[in-house]
Amino acid sequence: MLRIVIVLTLLLAGAPARAGARWQDLPPTPAPVAGTTPGRAAVNGIRLYYATIGSGPPVVLLHGGLSNSDYWGHQVAALAARRTVILVDSRGHGRSTRDDRPFGYDLMTDDVVGLLDVLKIPRADIVGWSDGAILGLDMAMRHPDRVGKVFAFGANADPSGLIEGVEKNPTFAAFIDRAGKEYEALSPTPKDYAAFVDAVGRMWSGQPRWTEADLKRIRAPVLIADGDHDEGIKRAHTEYLAATIPGAGLLILPNASHFAFLQDPALFNAALLAFLDEP
């Protein structure tokens, strides 16, 4: 795939002007999508929650750390008319269980591959946000035969790409608080949020640690995307990912943050569908 830079002015043409700093908003988590078929798969020593809807080529939606698959509600509505959408709660997140092993991106990626095995899906496109984007890139490196395209929003290749003190940012702090309430409502271990956050935080502090050579192994078509006001990912790091992964495109969504898929779902979805539908 040739390197592409999506020109956002074309996507924004005709859109009404919006006053205010949208990137400082944290819109509500969408309600669970009606019509999905839920399941729980015995995968890699855990019970992994998933849900499916739609028909057509498969696409797996992978959420960010601390959250759950409900966050993808606006994207499911856009994708299900043309795709088989597979929503996943990562291990220990949402409705999925975890075991005693420390959180790790390779482990969580292998969970996704195990789910595809259970569902008898040989290959799927991956749409990931934050930790989910890292899983999509990890899958493209370590399981290239199982991946079609990868839309990676808000990813990092090593901890140096993170903005220090992100947990103190008001928008991100509000997300952490909300995620705790959702964890208590959904998790099989509802009282363990503090320990869960600590365990995920240890993963964030040390993983991933991909080299330039690792990234250059990727052969899947990749679009590296982020908001122009991401609270947690350095812009230079996002640009580094797009410049290093062979043939990757770069998309920076305007007036949006790490939560652009909630803040401006129309623009996010237009970019996502354009990428997935590109021959």
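Is Ser-130 buried or exposed? At 12% relative accessibility, Ser-130 counts as buried, the term being applied to residues under 20% relative accessible area, with exposed meaning over 50% and partly exposed the range in between (1.4 Å probe, protein chains only). The structure is a predicted model, in which local features need pLDDT of at least 70 and side-chain atom pairs count only at pLDDT 80 or more, while totals for chains, interfaces and linings use all residues. Residues are numbered from 1 along each chain as its sequence is written, and side-chain values use heavy atoms, with hydrogens and water left out.

The protein has 10 helices and eight strands, where helices (H or I, at least four residues) and strands (E, at least two) are DSSP runs numbered from the N terminus. The radius of gyration is 17 Å, close to the 19 Å that the globule rule gives for 279 residues, so the protein is as compact as a globular protein of that length; the radius is taken over C-alpha atoms, and the rule is 2.2 Å times the number of residues to the power 0.38. The C-alpha trace spans about 45 × 40 × 40 Å along the principal axes. Of the 279 residues, 56% are buried. Among contacts (heavy atoms within 4.5 Å) between residues at least 6 apart in sequence, 78% join residues at least 24 apart.

The protein exposes about 11,500 Å², of which carbon and sulfur atoms supply 58%; accessible areas come from the Shrake-Rupley method with a 1.4 Å probe, and for residues only the protein chains shown count as cover. The mean positions of the 27 positive and 31 negative charges are 3 Å apart. Lys and Arg count as positive and Asp and Glu as negative, whereas His and the chain ends are not counted; the place of a charge is taken as NZ of Lys, CZ of Arg, CG of Asp or CD of Glu.

The structure holds 19 aromatic pairs. Rings of Phe, Tyr and Trp (its six-membered ring) pair if their centres lie within 6.5 Å, and planes under 30 degrees apart count as stacked, over 60 as edge-to-face and the rest as tilted. The ring centres of Trp-72 and Phe-268 are 6.4 Å apart and their planes stand at 45°, so this pair is tilted. Trp-72 lies in the loop between β3 (58–62) and α2 (73–79) and Phe-268 in helix α10 (residues 265–277), so the pair ties together parts that are 196 residues apart in sequence. Trp-72 is buried, with a relative accessible area of 0%, and Phe-268 is buried at 1%. Phe-175 and Phe-259 form a tilted aromatic pair, with 5.1 Å centre to centre and 50° between the planes. This pair links Phe-175 in helix α5 (residues 170–186) to Phe-259 in the loop between β8 (249–253) and α9 (260–263), 84 residues apart. Phe-175 is buried at 2% relative accessibility, and Phe-259 is buried at 0%. Ring pairs also link residues into a cluster, which includes Trp-72, Trp-129, Phe-151, Phe-175, Phe-259 and Phe-268.

Val-150 lies in strand β6 (residues 147–153) and is buried at 1% relative accessibility. Leaving aside neighbours within four places in sequence, the contacts of Val-150 include Ile-126, Leu-137, Val-222 and Phe-275. The C-alpha atoms of Val-150 and Leu-276, 126 residues apart along the chain, are separated by 8.6 Å. Asp-125, in strand β5, is buried at 11% relative accessibility. Not counting residues up to four places away in sequence, Asp-125 touches Leu-276, Arg-83 and Lys-149, among others. In helix α8 (residues 235–244), His-237, Thr-238, Leu-241, Ala-242 and Thr-244 are buried, and their cover includes α7 (212–215), β7 (222–227) and β8.

Backbone geometry was also examined. Most residues other than glycine have a negative phi, and most peptide bonds are trans. Lys-120, although not a glycine, has a positive phi of about 60°. Lys-120 is placed in the loop between α3 (105–118) and β5 (124–129) and is exposed, with a relative accessible area of 72%. Ser-130 has a positive phi near 60° and is placed in the loop between β5 and α4 (131–142). A cis peptide bond, with omega about -15°, joins Gln-207 and Pro-208; Pro-208 is found in the loop between α6 (193–206) and α7.
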